[in-house]
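Me: I'd like to learn how to read a model like this one. Can we take it one feature at a time?

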Amino acid sequence: MEKLVPCLSICGFVLLFTCLFIEEINGQNWLNGRATFYGVNQDPSTFGGACGYDNPYHAGFGVNTAALSSALFRNGEACGACYTVRCNRKLDRKWCLPHGAVTVTATNFCPPNNHGGWCDAPRQHFDMSMPAFLRIARQGNEGIVPILYKRVSCRRRGGVRFTLKGQANFNMVMISNIGGSGDIKSVWIRGSRTKSWLAMYRNWGVNWQSRIDLRSQTLSFRLTLVDGKTMEFLSVVPSSWKFGQTFASRRQFY
């Protein structure tokens with residue numbers, strides 16, 4: 001009997017691990033959806049899409065990107081959010097890779113056609129870049145696969161980046177390489193000659209605007225993410241800035 005104890009312990013551990021693994025996959029953290037791919041013959045550097053990233057490499061997340069259906073896109077608020085996606089082999093063993101999983105960043109919008117299309121509300125759909133899609137599914141004629149997905153924290157290298165656009169009294173800032181939840185709720189700007197923080201407004205995607213002339217001023221920003229975390233980036237842009245320049249901070253969300 002004494003020799004059976006280690007065996008029972010090992011068997012019990014294996015059973016517990018298996019149960020926890022199944023619970024993780026089928027638990028509340030994982031949601032069901034569908035995925036397709038786009039950009040077969042497209043340069044991956046052009047995957048910026050409806051979120052307004054000029055280049056996904058410059059934005060900090062490379063080719064692992066996805067366009068979200070309207071139920072997930074939230075009118076652009078979801079831009080920058082990260083999702084771990086895996087193919088659901090329980091529903092499709094032919095096309096799903098056995099252990100395929102990939103973390104993608106939301107950079108684009110998959111528009112509905114309002115005629116039962118995959119991106120019509122309330123469907124949870126990811127139209128993934130082809131490099132990302134091939135991490136979870138085999139290439140073939142299927143084109144669409146069932147998936148399990150969940151929100152995850154974004155991991156970025158370096159600090160949050162601010163790209164200045166616009167002209168004169170119309171300032172637009174593209175904010176990229178955001179860690180943590182990745183998706184922005186609110187943005188404020190303050191110039192070195194401005195007494196208080198000024199609210200900016202989402203122009204589209206990750207591009208935020210104000211109509212205050214802040215040229216020749218050192219610029220600071222305050223960001224609040226969708227998860228409620230707030231961070232200030234003081235004097236991150238020098239007074240010598242020009243439209244078209246990008247400035248990287250030393251601070252990051254986690």
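Me: In which loop is Ser 216 found?
Reply: Helices (H or I, at least four residues) and strands (E, at least two) are DSSP runs, numbered from the N terminus. Ser 216 sits in the loop between strand E12 (207-210) and strand E13 (219-225). Bear in mind that this is a predicted model, where local features need pLDDT of at least 70, side-chain atom pairs count only at pLDDT 80 or more, and totals for chains, interfaces and linings use all residues. Residues are numbered from 1 along each chain as its sequence is written, and side-chain values use heavy atoms, with hydrogens and water left out.

Me: What is the phi of Ser 216, and is the residue buried or exposed?
Reply: Its phi is positive, about 65°, although Ser 216 is not a glycine. For burial, go by relative accessible area: under 20% is buried, over 50% exposed, partly exposed in between (1.4 Å probe, protein chains only). Ser 216 counts as exposed because its relative accessible area is 51%.

Me: Which loop holds Asn 75, and what is its phi?
Reply: Look in the loop between H3 and E3. Asn 75 isn't a glycine either, yet has a positive phi of about 55°. At 79% relative accessibility, Asn 75 is exposed.

Me: Which residues does the cis peptide bond join?
Reply: Ala 121 and Pro 122, with omega about 5°. You'll find Pro 122 in the loop between E4 and E5.

Me: How many residues are in the largest nonpolar core?
Reply: Think of such a core as buried Ala, Val, Leu, Ile, Met, Phe, Trp, Tyr and Cys residues joined through side-chain atoms within 4.5 Å. Here the largest one has 31 residues, and Tyr 83, Val 85, Val 104, Phe 126 and Met 128 have the most contacts inside it. At least two residues of this core come from each of several elements, including strand E3 (82-87), strand E4 (101-109), strand E5 (125-129) and helix H4 (130-133). A second, separate core has 23 residues, among them Ile 178, Met 200, Leu 219 and Leu 223.

Me: What is the mean pLDDT of the chain?
Reply: pLDDT is the predictor's confidence in each residue, from 0 to 100. The chain's mean is 87, and 85% of its residues reach 70 or more. Over residues 1-28, though, the pLDDT is below 50, and this stretch has seven contacts in the model beyond near neighbours in sequence (a contact means heavy atoms within 4.5 Å).
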